[in-house]
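Subject: Structure for your files

Hello,

Please find the structure below, with my notes after it.

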Amino acid sequence: MQKRNGYFILSMWWFILLAVMGGLIVFFTSDRERISMDENRVLQNAPDFSLTGFFGGEYAADFERFLADSVPGRNALISASNTITNLIAMNTSEDEFYLDTTMTKAAEFGGEQTDASEADNTEESANDDSSASEKNSENDVNEQNGAKFELVKRDGGSTVIYTYSEENLKRSAENIQKVVDLIPEDGKVYLTFVPFPVIAFRFTDSPKVYCGWRCNHIEKLDQLTSDRVKCFDSLRILEPHMLAGERMFLHFSHQWHIHGAYYVYSEMIRSQGLTPTPYEEYEYKINHPPRYSEDSFELLYPLAPAHNYQVSHINQKKEYPLMYYIGADNASYLYGNQRPWHTVITGFHTGRRAMIFGDCFNLSFSTFLLPYYDELHFTDVRYNLFDREELGTSVADMMQRNSIDDVYIVFSEAHGVNSSTFLRAFPQHLY
Amino acid sequence: MVFSSMTFLLLFLPITLLLYSVRKSIRWKNSVLLTASLIFYAWGEPVYILLMLLSVGVNYLCALGIDQNSKKSLRRAWLVIGVVASMIFLVWFKYAAFLVNSFAGIFSASFHMAEKKLPIGISFYTFQVLTYTVDVYRRKAKVQKNPAKLLLYVSCFPQLIAGPIVQYADVAGMLDNRPFDPIRFSEGARRFAIGLSKKVILANLCGAALSRIDPADPSITLSVAGAWYAALMYTFQIYFDFSAYSDMAIGLGRIFGFDYKENFNYPYISGSITEFWRRWHISLGSFFRDYVYIPLGGSRCSVKRAIFNMMVVWSLTGMWHGASWNFILWGMYYGILLITERFVIGRERMEKIPSVLRMPLIFVIAMFGWVLFYHTDLSLALRQTGAMIGIGSGVQLTDPLTTAVVRKYSVLPLIAAFASLPVLPALKKRMTGRISETLSYIAATVLIILSVIFLTGQSYNPFIYFRF
């Protein structure tokens with residue numbers, strides 16, 4: 001009987017400890033904005049109660065996210081969960097890489113974007129009809145005057161990858177306009193968002209199912225911003241090359257191929273009335289990543305006479321090599337520019353200076369801009385990479401100090417219109 | 001709300017337990033449990049609570065009508081009203097669009113009816129409330145004059161949204177008297193811990209592996225190995241998902257003083273299809289046996305009639321799972337298999353086959369069934385079935401994606417197979433009671449900790465069976 005009581009006390013303790021954990025979260029979680037550096041996102045705070053939210057189900061969903069995001073020792077628990085999951089695996093790093101680049105669910109690689117396949121799944125739970133849910137999501141988007149990114153099927157249908165709400169499009173456009181206000185009258189903002197390879201390969205590797213891709217969020221952004229913002233639809237630019245079998249994305253990395261970057265750069269330069277440098281005129285060497293020999297990529301070189309600096313505390317410069325030849329991916333270019341501030345003195349004398357906002361997708365792209373500007377300045381506003389203390393001031397202040405003429409915004413879709421990077425971190429770090 | 005959510009584990013359950021144990025009177029306990037159950041249901045989907053209240057209200061009145069009339073025709077009239085009213089709600093929300101659109105398709109009409117959002121658990125609570133009305137009609141159960149008690153029977157949160165389907169006669173007494181028992185409490189808590197870990201760890205990991213080679217994605221080229229692996233992962237996922245929910249429901253029931261019948265009994269060790277369905281979703285099988293099959297005449301009739309009865313029951317069983325052709329075909333698949341087993345092969349001949357052959361055979365038959373169950377798009381079900389037997393244009397034996405996924409989740413099928421076999425009960429028998437009990441509580445404590453760890457790393461994850 002004593003033993004039996006022991007079991008009862010033990011099981012009571014399970015519930016007591018769970019209650020303590022719940023109490024700690026509810027009563028002691030800070031109201032301030034909490035950011036998860038590892039996930040590059042803002043964690044959910046306790047939601048404000050509203051009848052509309054309660055009846056619509058949003059309050060319950062946000063509250064659940066709040067609890068999950070606020071569990072004491074969250075990072076350690078997530079790490080433990082990953083360790084345990086890895087214990088049951090016998091995979092190699094190549095398998096891991098292969099799975100990362102061939103993942104079928106765009107959401108898993110698409111980071112923070114609103115993923116339509118997730119939305120479809122939710123719909124499926126209620127309707128058990130995926131085709132109907134595709135239609136529903138399309139209708140929802142049209143009704144809300146939002147936009148979407150979709151793969152075009154040969155049978156006339158489509159698979160929606162991302163949807164973009166009207167509100168997010170408007171907020172993104174407002175953020176872009178804030179940048180316009182920081183440059184002189186003759187300056188322009190050039191913008192593009194680039195999809196991840198996993199989505200591109202989903203399209204190109206299934207030629208029997210898909211015949212193309214399209215989006216209309218870039219067009220919407222163009223409409224919502226002033227004439228000084230030039231938006232470039234990378235899907236439209238890259239599609240004919242992809243259909244012709246050219247390699248626009250890398251298999252061994254989550255990056256686009258330098259050829260893809262070249263085509264988008266060419267279109268941006270042509271829009272300025274300039275002629276892009278023919279690709280053949282670049283000197284390059286072909287690198288073969290050691291483990292993925294089917295993939296090769298081209299390193300443009302030499303980039304001299306340019307000089308490459310990381311900048312901290314407004315004007316403290318530290319020079320870094322322009323290229324990191326030992327490395328085997330596009331991060332080799334303009335080494336070290338994924339920092340709060342980074343400057344390349346190009347060695348050309350054009351009298352103009354450009355600023356590039358972007359994630360790692362800007363790396364191979366930006367090399368092509370060197371001949372058009374005296375200086376290129378970079379900032380990476382992602383939460384896990386931007387550090388205002390290190391920079392010593394705001395991005396807007398740095399732009400003024402460096403007399404920026406033109407701005408290029410080159411992000412992957414993961415940090416695009418729906419992401420906290422573009423909607424929150426971008427304006428937050430700008431000022 | 002779901003059992004594997006932080007809201008339930010960290011707040012709802014501890015608060016409910018605390019309030020429940022404040023006073024000993026059954027009235028207080030029932031009040032706490034009823035209030036908690038309504039909050040549980042309303043959390044996230046408050047509008048549909050009215051539908052459940054209406055369904056219970058109608059059946060409450062009908063049962064009173066049945067009880068107060070001794071004339072058979074009047075009793076039957078009240079029964080029909082109750083059954084029809086309950087079924088109208090279910091049909092309207094779950095089947096109306098499917099039926100209308102199917103008819104429109106047959107007659108090439110352009111009319112299309114939009115699908116309704118399915119109220120959570122409607123299939124489960126509709127069947128439960130029907131068992132009450134029918135049992136009162138059959139004089140198997142006494143009428144419940146207290147509407148709150150009837151509402152508690154239907155809405156009691158441990159079994160509210162994904163079963164098991166509890167028949168009124170089985171719990172009627174417990175609504176009036178449930179003394180607290182610490183032994184039952186700890187046993188219930190242990191059962192809950194086992195169910196939670198089955199869902200959060202096993203079912204979700206199987207789901208993650210499946211999502212890597214999602215056979216419902218037409219852009220994925222399925223190889224023979226990929227198709228089998230996906231089928232295997234879904235076979236385990238659906239078992240762990242659903243049986244986990246039943247474990248948690250039974251465990252919670254025990255904590256709050258209710259005895260719910262077992263819903264799963266290691267179905268993947270079955271040596272025949274008949275046995276499989278005696279071990280899988282037992283409460284649904286019992287419902288259809290008691291309330292559809294036997295009233296239709298059961299098997300005490302001509303062979304033709306018995307076959308007809310079986311096909312009706314199994315088509316309905318399939319349809320209960322969802323308003324889609326694949327579910328109906330899945331039900332008919334089992335109907336045909338059971339008819340074949342019973343009338344063509346015969347029990348004696350089945351038993352002559354060594355169980356070492358029968359068990360894997362039944363497991364493979366179940367896997368093919370789950371392929372049909374998984375795909376609402378029948379062409380994709382055919383594609384996967386074809387790939388499993390090597391038919392289809394360009395079907396390869398294996399592919400790099402499957403190889404990578406199999407290596408990533410290499411130990412998972414072994415753990416899943418181990419957990420789906422009655423290894424632990426067999427071990428328990430070999431150990432002395434005290435040692436096995438102590439070990440089981442230590443294991444349950446570890447499982448609770450692991451579940452919290454996994455839950456933290458996972459997002460909100462509803463159960464598959466909620467859509468039914």
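Predicted model: local features only at pLDDT ≥ 70, side-chain atom pairs only at ≥ 80, totals over all residues.

A:His313 is exposed, having 11 other C-beta atoms within 10 Å. Residues are numbered from 1 along each chain as its sequence is written, and chains are lettered from A and ligands numbered from 1 in the order in which they are written.

A:His313 sits in the loop between S10 and S11 of chain A. Helices (H or I, at least four residues) and strands (E, at least two) are DSSP runs, numbered from the N terminus. A:His313 is not a glycine, yet its phi is positive, about 45°. Most residues other than glycine have a negative phi. The hairpin of S10(A) and S11(A) has three residues between the strands. Strand S10 (residues 307-312) and S11 of chain A pair in the antiparallel sense over five bridges; two strands pair if DSSP finds at least two bridges between them. A:Ser312 stands opposite A:Gln316 in S11(A). Strand S11 (residues 316-320) of chain A lies largely in the open, because zero of its five residues are buried.

B:Arg139 also has a positive phi, about 60°, although it is not a glycine. Its place is the loop between helix H5 (122-137) and helix H6 (147-155) of chain B. B:Arg139 counts as exposed, with 11 C-beta neighbours inside 10 Å.

As for chain A as a whole, it has 17 helices and 15 strands. Of its 431 residues, 42% are buried. Among contacts in chain A with a separation of 6 or more, 65% are between residues 24 or more positions apart. Two residues are in contact if their C-beta atoms, placed from the backbone, lie within 7 Å.

Next, the interface. In chain B, 58 residues are in contact with 51 residues of chain A. Helices of chain B that each supply at least two residues to this side include H1 (6-20), H8 (182-212) and H20 (433-457). The side of chain B that touches chain A has 33 nonpolar, 13 polar and twelve charged residues. Here Ala, Val, Leu, Ile, Met, Phe, Trp, Tyr, Cys and Pro count as nonpolar, Asp, Glu, Lys and Arg as charged, and the others, Gly among them, as polar.

One helix pair across the two chains is worth a look. A:Phe63, A:Glu64, A:Leu67 and A:Ala68 in H3(A) meet B:Met6, B:Thr7 and B:Leu10 in H1(B). By class, this contact has five nonpolar, one polar and one charged residues.

Last, the cores. A nonpolar core is a set of buried Ala, Val, Leu, Ile, Met, Phe, Trp, Tyr and Cys residues joined through C-beta atoms within 7 Å. The largest has 154 residues, and those with the most contacts inside it are B:Tyr153, B:Cys206, B:Tyr229, B:Ala231 and B:Met233. Helix H9 (residues 224-255) of chain B gives the largest share of this core, 22 residues. A second, separate core of 74 residues includes A:Cys215, A:Met248, A:Leu363 and A:Tyr372.

Regards

Notes
Buried ≥ 20, exposed ≤ 12 C-beta atoms within 10 Å, placed from the backbone.
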